[in-house]
Amino acid sequence: MVIFMEQFIISISREFGSLGHEIAEHLTRSEAIYMIRKKGWRRKEYHNTHCDYKRGDSRNYDLTVNSNKLNLDECIKLLIDYIDKRYKKIYEHMKNKME
């Protein structure tokens, strides 16, 4: 519960500024969960209205990792390797364009 509320306070503070901490302290757990979900629904609706692809469609992600299949260290290594390879390709492509 403490971790959940800390994350929620950070999230709600971004939304409401300095009043966020005070707002979060007066909510029950179910009210906090509802507010977080409501914000997610609004983001999804906005995204799906203004973008060419649907939010959550895995075909639009570069990489999806099921963290239940790997431990944290393995996930980190996988992500670092991917980022290194991805940015190396981008760098080489840009370098070749400039020559």
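**A friendly note on helix H4 and its surroundings**

1. Let's start where H4 begins: Asn71 caps the N-terminal end of this helix, with a side-chain oxygen 3.0 Å from the backbone nitrogen of Asp73. H4 itself has 27 residues and reaches 39 Å from its first C-alpha to its last, close to the 39 Å expected at 1.5 Å a residue.

2. Keep in mind that this is a predicted model. The protein averages a pLDDT of 76, and 75% of the residues score at least 70. Confidence is highest in H4, at 85, and lowest in helix H1 (residues 2-16), at a mean of 53. Where pLDDT is low, the predicted coordinates should not be read in detail.

3. Now for the charges: the structure holds 3 salt bridges. One of them joins Lys77 to Asp81, with the closest N and O atoms 2.9 Å apart. Both residues lie in H4, 4 residues apart, or about one turn of the helix. Lys77 is exposed at 51% relative accessible area, while Asp81 is partly exposed at 32%.

4. Another salt bridge pairs Arg86 with Asp62, the closest N and O atoms being 3.7 Å apart. Arg86 sits in H4 and Asp62 in the loop between helix H3 (29-50) and H4, so this pair ties together parts 24 residues apart in sequence.

5. Asp57 also forms a salt bridge with Arg59, at 2.7 Å between the closest N and O atoms. Arg59 is exposed, with a relative accessible area of 71%.

6. Finally, look for a nonpolar surface patch of about 670 Å², whose members include Leu63, Leu70, Ile83 and Tyr87. Tyr87 lies in H4 (residues 72-98) and is exposed, with a relative accessible area of 55%.

Conventions. Residues are numbered from 1 along each chain as its sequence is written. This is a predicted model: local features need pLDDT of at least 70, side-chain atom pairs count only at pLDDT 80 or more; totals for chains, interfaces and linings use all residues. Side-chain values use heavy atoms; hydrogens and water are left out. Patches are made of residues with over 30% relative accessible area and no salt bridge: like charges are joined within 9 Å, nonpolar side chains (Val, Leu, Ile, Met, Phe, Trp, Tyr) within 5 Å. Accessible areas come from the Shrake-Rupley method with a 1.4 Å probe; for residues, only the protein chains shown count as cover. A salt bridge is a side-chain nitrogen of Lys or Arg within 4 Å of a carboxyl oxygen of Asp or Glu. Helices (H or I, at least four residues) and strands (E, at least two) are DSSP runs, numbered from the N terminus. Buried means under 20% relative accessible area, exposed over 50%, partly exposed in between (1.4 Å probe, protein chains only). pLDDT is the predictor's confidence in each residue, from 0 to 100. The expected span of a helix is 1.5 Å times one less than its number of residues. A polar contact is a pair of N or O atoms within 3.5 Å; within protein, one must be able to donate a hydrogen and the other to accept it, and residues adjacent in sequence count only if both atoms are side-chain atoms.
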